[in-house]
Amino acid sequence: MTPGGGSGPMKDCEYSQISTHSSSSPMESPHKKKKAAPKRKWEVFPGRNKFFCNGRIMMARQTGVFYLTLVLILVTSGLFFAFDCPYLSEKITPAIPAVGGILFFFVMGTLLRTSFSDPGVLPRATPDEAADLERQIGNTEDIANGSSSGGYRPPPRTKEVIINGQTVKLKYCFTCKIFRPPRASHCSLCDNCVERFDHHCPWVGNCVGKRNYRFFYMFILSLSFLTVFIFAFVITHVILRSQQAGFLNALKDSPASVLEAVVCFFSVWSIVGLSGFHTYLISSNQTTNEDIKGSWSNKRGKENYNPYSYGNIFTNCCAALCGPISPSLIDRRGFIQPDTPQPAAPSNGITMYGATQSQSNMAAATPLLQSEPSITSEELPLPGKTTIGAPCATLTLGQPTPPSSMPNLTSETGLTDMIPLKEELEGHQFLTPEEAPSPPGMLSAGSPITHSHTMHVLSLASQDSLHEDSVRGLVKLSSV
């Protein structure tokens, strides 16, 4: 072989070796794949909310009315700054567009802050937390196993706490699996329990609660000032023009002013009225939900009073508008850890008393946990007996162990897989009770076994030999 002729095959061999080594086998490919990026909590959030900007913006799903609010504010303000402010700044003062601009940006800032923030959503209970809570409010274990002497006993829906001498009821939420704290309520539109729940406002596209109520109040208050401001100076603009060229000519010269006046006239009453109503609520330290329900009304009794009021209007206003903002409790931008338990699934209106849904599914999947007795001190396995897994340990001795009790085999697949493999298991056979061999020393290995002998063997060994053969056969099957 010449040197030139030998170099070609060597190169081919080297190329094939490199190619074979570089190609990963199917067994190695899962280890070499990159791990999937961990999900954030807002991606699996159980409530009915929309998230934007990687979870930084949180809104309700019904946002159509919110966009209408944006359009009305933007269009009305834009027409005012485009058609009215130039004339007013020239005839009266340049401060008019400046003040209007400040009000406009304040309104937009408070609106977006109210709409895009967490209103104070309370996190739902995990399955373990829900089970522990239901275990506290009822004998969960007895009810789940059906051994309660009194039958099913529904857990109490309320707890009572004393706040400033007033009894306050804490209601149990069957969706979030928690006892709601005082002043909290469950929003049916967002499907969340909100702390210090005021109401769900479609105009801002979000719930109004503890964390965004002050911004909502500043929004409607500043919007009232902006609406009155625009309406007043639009009328001023029309009057000044009508003094020069007549009323009809003034309307023809500035048709945008007519549209602004109509929008402001029909909206100013509701906006100003809403601002006055919430001013009353803040001064008395109430929420819209409490006022509508009449929670602290004198009609319920002379001793009924608002335990949250400080007794001073100024103090109540400072507590609502100037107090610290509590942090968000849901951590919507946090990463989901592999071992982090997920919130308990809602019952969809079906109350599950005594056990959570996860416990019911677990009990249905493992019936031995419900009906089979556990091994006592008198029924311990024999020293030489092979044990496999927890399900075998829960069976009492004296019962033949069917292949279906194995965790990875069913009754059908276990029998059908063992019959074709009799030759591969070194002559091992599954024997019937009539063919069961006797314990050592009782009968010879080759002597025939009669029916009387079988009964004698079963009475002495309590069917332990059948259990031992079955288990050993399954051990050999699993090793093969």
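In this predicted model, Asp-191 and Arg-48 form a salt bridge, with their closest N and O atoms 4.0 Å apart. Asp-191 sits in the loop between β6 (185–187) and β7 (192–194), while Arg-48 sits in the loop between α2 and β1, so the bridge ties together parts of the chain that are 143 residues apart in sequence. Arg-48 has a relative accessible area of 32%, which makes it partly exposed.

Asp-191 also forms a salt bridge with Arg-124, and here the closest N and O atoms are 3.2 Å apart. Arg-124 lies in the loop between α4 (95–115) and α5 (127–137), so this pair ties the loop between β6 and β7 to a part of the chain 67 residues away in sequence. Both Asp-191 and Arg-124 are buried. Through the partner that they share, the salt bridges join Arg-48, Arg-124 and Asp-191 into one network.

The structure holds 7 salt bridges. Another of them pairs Lys-41 with Asp-331, whose closest N and O atoms are 3.4 Å apart. This bridge links distant parts of the chain, 290 residues apart: Lys-41 is in the loop between α2 (29–32) and β1 (49–52), and Asp-331 is in the loop between α11 (313–321) and α12 (357–365). Lys-41 has a relative accessible area of 29% and is partly exposed. Asp-331, at 41%, is partly exposed too.

The next topic is the cysteines. How many disulfides are there? The count is 0, where a disulfide requires a pair of cysteine sulfur atoms within 2.5 Å. Cys-176 is in no disulfide, and the nearest cysteine sulfur to its own, that of Cys-193, is 3.6 Å away. With 0% relative accessibility, Cys-176 counts as buried. Cys-318 is in no disulfide either; for this residue the nearest cysteine sulfur belongs to Cys-322, at 4.8 Å. Cys-318 has a relative accessibility of 26% and so counts as partly exposed.

Val-262 is partly exposed, with 41% relative accessible area.

The last topic is empty space. Rolling a probe the size of a water molecule over the atoms shows where such space is left. The largest pocket contains about 640 Å³ of space. Its lining is made up of 22 residues, and those nearest the centre of the pocket are Val-168, Lys-169, Lys-171, Ser-295 and Trp-296. Which elements give two or more residues to this lining? They are β4 (166–173) and α10 (288–293). The largest share comes from β4, with 6 residues.

Note on methods: Residues numbered from 1 in each chain as written. Predicted model: local features only at pLDDT ≥ 70, side-chain atom pairs only at ≥ 80, totals over all residues. Heavy atoms only, no water. Buried < 20%, exposed > 50% of the residue type's maximum accessible area, 1.4 Å probe, protein only. Salt bridge = Lys/Arg side-chain N within 4 Å of Asp/Glu carboxyl O. Helix = DSSP H or I, 4+ residues; strand = E, 2+ residues; numbered from the N terminus. 1 Å grid on protein atoms, 1.4 Å probe; cavity = no way out; pocket = protein on both sides within 12 Å on 5 of 7 lines; lining within 4 Å. Points joined across faces, edges and corners; volume = space filled by probe spheres on them.
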